[in-house]
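Trainee: I am new to this model. Please take one part of it and describe it closely.

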Amino acid sequence: MTSSNDYLIQFEHVFFAYPGGGSVIHDFSAGVRRGEFIALIGPNGSGKSTLAGLAAGALRPAAGWVKVDGMDTADPSVIGAIRRRVGLVLQNPDNQLVAARVEEDVAFGPENLNLPSPEVRRRVEYAIAAVGLDRLRDRPPHLLSGGEKQRLAIAGLLALEPSCLVLDEPTSMLDPRGRREVLGVLKNLVAKGTTVLQVTHHMGEAAEAGRVWVLAEGKLQADASPGTVFSRPELLQRLGLALPPAAELAGCLAARDINVPAGIVNLEDMVHFLCRALK
Amino acid sequence: MLSGITMGQYLPGRSPVHRMDPRAKLLAAALVVPAILLAGFWPAITAVTLWLAVVSGLSGLRPGVYWRSMKPLWVLLLLSFTMQAFFTPGEPLVHLGWINISEPGLVQGALLLWRLGILLVVASVITFTTTPLQLTNGLEWLLSPLIRLRVPVRELAMIMNLALRFVPTLFDEARLLLMAQQSRGADFTHGSIRERVRGLVPFMVPLLTNIFRRADDLALAMELRCYQVGAPRSRLTELRFVAGDYAAIAATAMLLVFVWGTRLMW
């Protein structure tokens, strides 16, 4: 048993249901450690978005509790503190942008904290640089590409300097290039110590994460490294999920008696393995 | 890229007009509007026109941009011209049944047309060179005395900012919905008015639904970014009047005085 201090976000026997609907999250217990990069996957309607909302305190559990840095998200008196620690990026970037200029939009969060102007400026510079939008700071959002808009939405939350970013399918509306951009930004953030919980249905992206949560019918089906999760094709198949390209390739190779060591599920590792094997 | 340009849309730039304090722009506008409306022949209207030429020139935007912003309003402009031309009393030049067109009518009509055109360009200069947020920040400052009367000025300014921010987004969305319905055979351009209005229903309903969904998302996103109604907010850039702002206001005030003066003299 680990102590609760190891966890930045902790779910304990969480239940959740929308009014008039059946239970969406059913007895979910898990924890996000500081600095982790977690990918949350699962079929449509499995409760992924709901879980993202619960993690950021946007939704309150019907039973059980969610704690951020030891603070209960159901406690209204700490909701401000929770919002500053966990940023939630919604699926559609268009609906999250409040200002007609990149810079002004990023400033919205720190302005809400009523920080002095120089501090707001510093945070805006930091957030814009972190997502690589320096050259577009004067653009109105409707003249940005999908990937740029999503990076802007991320910057808007980074300006609050959260310990953790929760992203609800940030790449689902993007083309491959926009997806690469956003994933690049996330990896950079993780490298610099930000905790990231990303909901995704691109298995290739999930394979890049440090840990994978598999959710189905509101229940946690698996909580393990990508290598372990994607080495169990029967589980994913049962849930109607695909394998990441590298894991699929490993399967095809295995069918021809070329054994790829277990745990090779992302492209980089696969390339390393193949290069060594072919030499 | 700017083909989807609509009225009231910010066009990024670094011109002196772009960099002006939004409050100064609003004050200058408040001074120049009466000047335009009072301006008669010839010194006054010339001065107003010159002032506008200088300001639009300083804005660094191509004249075509201003021209295009006026296009959707040509019906209004034409109507006001015809009304003036037809209903100004004077020696008739042309008889069209019971309508007389007189020379003073034509002159007054032309003057009115010119004034309205100038007013529209003034509005365009402001909206093209000022982001909605700057504009609403300026308005917020101008209206701040009303806070004492418990008018929620800050919140009203935020509402206005959001409305302006979503104009282009909703235009795009409307265009997309229109195309989606047309590609399924919807027809908005033929038939009686009744039929056309009926045809709009499958366009309006999804548009409204989407607007509400967006509003829901937006409210959540704002809360997630620590927005609280009524809470004090700081600013990325504190508004600060500089010499140029005072100069612009003074110049515009002088213009108003001049126009007023010509009015009194003639």
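**Two packed helices**

Mentor: Helix 3 of chain B and helix 6 of chain B make a left-handed crossing, meaning that the near helix is turned anticlockwise from the far one by less than a right angle (clockwise would be right-handed). The model is predicted, so local features need pLDDT of at least 70 and side-chain atom pairs pLDDT 80 or more, while totals for chains, interfaces and linings use all residues. Residues are numbered from 1 along each chain as written, chains are lettered from A and ligands numbered from 1 in written order, and side-chain values use heavy atoms, without hydrogens and water.

Helices here are DSSP runs of H or I with at least four residues, and strands are runs of E with at least two, numbered from the N terminus.

Contact means heavy atoms within 4.5 Å. Helix 3 of chain B contributes residues including Ile45(B), Trp51(B) and Leu52(B), and helix 6 of chain B residues including Trp114(B), Arg115(B) and Ile118(B). By class, this contact has eleven nonpolar, two polar and one charged residues (nonpolar: Ala, Val, Leu, Ile, Met, Phe, Trp, Tyr, Cys, Pro; charged: Asp, Glu, Lys, Arg; polar: the others, Gly among them).

Elsewhere, chain A has an open sheet of six strands in the order 6-7-8-3-9-10, with mixed pairing (two strands pair if DSSP finds at least two bridges between them).
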